[in-house]
Amino acid sequence: MIPIIDFRSKNCVEEMRNAYTNCGFAVFTHVYDEWLSEFSDWKLLMDEFFSLPLDVKQKYAYSGVK
């Protein structure tokens, strides 16, 4: 299940860390304009990662996700 994170939450930083550590993805609600540039940066990084060869990506596999 992909986590849904509300940026108004006092725990959003911890929730983001948990989401990216355990799942690798998250959906964000109540995103403010000042965060949009950071989302653009994250998207570029995700695009770069997913364009890597499969054998490179498999080195980062996480088997604990159910």
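**Close-up views of a predicted model**

**View 1. The largest pocket holds about 480 Å³ of space.** Of its 17 lining residues, Cys-23, Gly-24, Phe-25, Phe-49 and Phe-50 are the closest to the centre. Two helices, α1 (12-22) and α2 (36-50), each bring at least two residues to this lining, and α2 gives the most, with five. A pocket here is an open set of points on a 1 Å grid over the protein atoms alone, where a 1.4 Å probe fits and protein lies on both sides within 12 Å along at least five of seven lines; lining residues have an atom within 4 Å of a point. Grid points are joined across faces, edges and corners, and the volume is the space filled by probe spheres set on the points.

This is a predicted model, in which local features need pLDDT of at least 70 and side-chain atom pairs count only at pLDDT 80 or more, while totals for chains, interfaces and linings use all residues. Residues are numbered from 1 along each chain as its sequence is written, and side-chain values use heavy atoms, with hydrogens and water left out.

**View 2. Phe-7 sits in the loop between β1 (4-6) and α1.** Is this residue buried or exposed? Phe-7 is buried, because its relative accessible area is 8%, and buried means under 20% (1.4 Å probe, protein chains only). Looking along to Gly-24, 17 residues away in the chain, you will find the two C-alpha atoms separated by 18 Å.

**View 3. Arg-8 lies in the loop between β1 and α1.** Which residues does Arg-8 touch, leaving aside those up to four places away in sequence? They are His-30 and Tyr-32, where contact means heavy atoms within 4.5 Å. Asn-22 is 14 residues from Arg-8 in sequence, and their C-alpha atoms are 21 Å apart.

**View 4. Stepping back, the protein has three helices and two strands.** Their order from the N terminus is β-α-β-α-α; helices (H or I, at least four residues) and strands (E, at least two) are DSSP runs, numbered from the N terminus. The C-alpha atoms fill a box of roughly 40 × 25 × 15 Å along the principal axes. Of the 66 residues, 12% are buried. Among contacts between residues at least 6 apart in sequence, 32% join residues at least 24 apart.

Notes:
Buried means under 20% relative accessible area, exposed over 50%, partly exposed in between (1.4 Å probe, protein chains only).
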